[in-house]
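Hi,

Here is the structure I said I would pass on. Have a look at it first, and then read my notes below.

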Amino acid sequence: MNKSVYSLVLSDDVVEAVDRLAYRENMSRSAYINKLLAEAVSYTTPEKRMNDIFGEIESLMNNDVFMVMQQPSDAMLSIRSSLKYKYKPVIRYSLELYRSFNKTIGQLKVSFRTQSERLKAELTDFLKLWAELENSYIVKFFPDGISYTIEDGRFTRTFGMPYGKENCSDEEIAKAISEYIKMFDEILKIYFENIAVKRTAVALATNRYGEYLRDGIVII
């Protein structure tokens, strides 16, 4: 959404009231007035759309497994889970949504709070397996492919709706992202519960991934 500078004549008392409310919501005067005007004319701003999606994700994922935390940026959401491994490392899912939904919606970054080089190596093995599974089973739904980065036990994946599903509602997008994170988290934990026998860990993770697809998970 393009922005321009406009000259308005406003009452000083009105501006003071706007500034107080903007301060409470940690917004600038311009951003807050833009929000008020958008609501008045029933226009959905990118910020409103992102907040709506984040709110839906939070309602879908705030449970005993995940902890959802809003970030200072309107475009970011942080979700945490813990891995039953030595020292119970924290899994952090950092979700960023883009202001403009074109071919891509946003990206997910998965990181792990650990100093263990062995754990990082094992995580990297899992992340490579995950990429192989997606490139075997769902890449056909994305004409431009799926964008990944795997580095030092960290994972970044770009989200985009598959071909023919580009006009999904905010609720559908939130559900798809939530299901993706839940699926990733569960399969990661299955893998590490059986890490002592790598072949078994790979087989069980692969089987569970297939079950999710057969159950009709929303692809994103």
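Predicted model: local features only at pLDDT ≥ 70, side-chain atom pairs only at ≥ 80, totals over all residues.

Residues are numbered from 1 along each chain as its sequence is written, and side-chain values use heavy atoms, leaving out hydrogens and water.

Tyr93 and Leu188 also touch the most other members of the largest nonpolar core, which has 56 residues. Such a core is a set of buried Ala, Val, Leu, Ile, Met, Phe, Trp, Tyr and Cys residues joined through side-chain atoms within 4.5 Å; buried means under 20% relative accessible area and exposed over 50%, with partly exposed in between (1.4 Å probe, protein chains only). Helix 5 gives the most to this core, with 12 residues (helices are DSSP runs of H or I, at least four residues, and strands are runs of E, at least two, numbered from the N terminus).

Now for the other end of the scale: is Asn167 buried or exposed? Asn167 is exposed, at 78% relative accessible area, and sits in the loop between strand 6 (154-159) and helix 5. From Asn167 to Ser78 is 89 residues in sequence and 25 Å in space, C-alpha to C-alpha.

Cheers
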